[in-house]
Amino acid sequence: MLNAHGPGSVQYEITHNLPYDQTTTKETLTKVTNINGTSDNTCKCSSWLEHWKKYGGGSELPKWCAEKGCVQKPEAGAHVQKDSTADRGWYIVPLCSKHNAETGKSLDVSDSTKLVSANVSETCGKK
Ligand SMILES: [Zn+2]
Ligand SMILES: [Zn+2]
């Protein structure tokens, strides 16, 4: 498992209330803000979801949207910025269409989802 605990990561207690089991697990969530629509920047990959897969996200798309607790299919690679860190870099996370459309809102992204740099000069636009 990737260890990407950055300075903006916060530990939350998550209680899973399953009918047969009650367990509390610690998951690290990163608060990010959806900045879709602040730019029309594009990249050389066929989509931002492809870009996410290619530059560290993984060969397969995750089963679910990156927002904690959301169980919709990821449909778009959304641009986000980390909250509460000095890092103003732009990142891509796979979100469902509903969360992808919520521009300007903050989201808690599970730590099991990789934040992939949206900076094309560091990724697909690299010379
Ligand atoms: Zn790309
Ligand atoms: Zn979602």
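This is a predicted model: local features need pLDDT of at least 70, side-chain atom pairs count only at pLDDT 80 or more; totals for chains, interfaces and linings use all residues.
The mean pLDDT of the protein is 83, and 77% of the residues reach at least 70. Strand E1 (residues 9-18) has the lowest confidence, with a mean of 57, whereas strand E6 (residues 116-117) has the highest, at 96. Over residues 1-6 the pLDDT remains under 50, and the model has 6 contacts beyond four places in sequence for this segment.

The secondary structure consists of 2 helices and 6 strands. Read from the N terminus, the order of these elements is β-β-α-β-β-α-β-β. Of the 127 residues in the protein, 28% are buried. Contacts between residues at least 6 apart in sequence join, in 67% of cases, residues at least 24 apart.

The largest nonpolar core comprises 18 residues, and the residues with the most contacts inside it are Ala78, Tyr91, Ile92, Val93, Leu95 and Val109. Two or more residues of this core come from each of strand E2 (21-34), helix H1 (48-57), strand E3 (76-82), strand E4 (90-95) and strand E5 (106-110). The most is given by E4, which supplies 4 residues.

Strands E3 and E4 are also paired with each other: they run antiparallel and are joined by 6 bridges. Within this pairing, valine 80 has tyrosine 91 of E4 as its bridge partner. E3 is mostly covered, with 6 of its 7 residues buried.

Isoleucine 92 illustrates how separate parts of the chain meet. Beyond its neighbours within four places in sequence, isoleucine 92 contacts Trp48, His51, Trp52, Gly77, Ala78, His79, Val116 and Ala118. Of these partners, Trp48, His51 and Trp52 are among the buried residues of H1, together with Lys53 and Gly57. The cover over the buried residues of H1 includes E3, E4 and E6. Just after H1, glycine 58 adopts a positive phi of about 135°.

Which residues does histidine 99 contact, leaving aside its neighbours within four places in sequence? They are Cys65, Glu67, Cys70 and Leu107. The C-alpha atoms of histidine 99 and glutamate 67 lie 7.7 Å apart, although 32 residues separate the two along the chain. Histidine 99 counts as buried because it has 23 C-beta neighbours inside 10 Å, and the threshold for a buried residue is 20 or more.

Cysteine 70 falls in another category. It has 18 C-beta neighbours inside 10 Å and therefore counts as partly exposed. Not counting residues up to four places away in sequence, cysteine 70 touches Trp64, Cys65, Cys96 and His99. Cysteine 70 and leucine 95 are separated by 25 residues in sequence and by 9.1 Å from C-alpha to C-alpha. Leucine 95 is itself one of the residues with the most contacts inside the largest nonpolar core.

How values were computed
Residues are numbered from 1 along each chain as its sequence is written. Chains are lettered from A and ligands numbered from 1 in the order in which they are written. A nonpolar core is a set of buried Ala, Val, Leu, Ile, Met, Phe, Trp, Tyr and Cys residues joined through C-beta atoms within 7 Å. A residue is buried if 20 or more other C-beta atoms lie within 10 Å of its own, exposed if 12 or fewer, and partly exposed in between; C-beta atoms are placed from the backbone. Two residues are in contact if their C-beta atoms, placed from the backbone, lie within 7 Å. Two strands pair if DSSP finds at least two bridges between them. pLDDT is the predictor's confidence in each residue, from 0 to 100.
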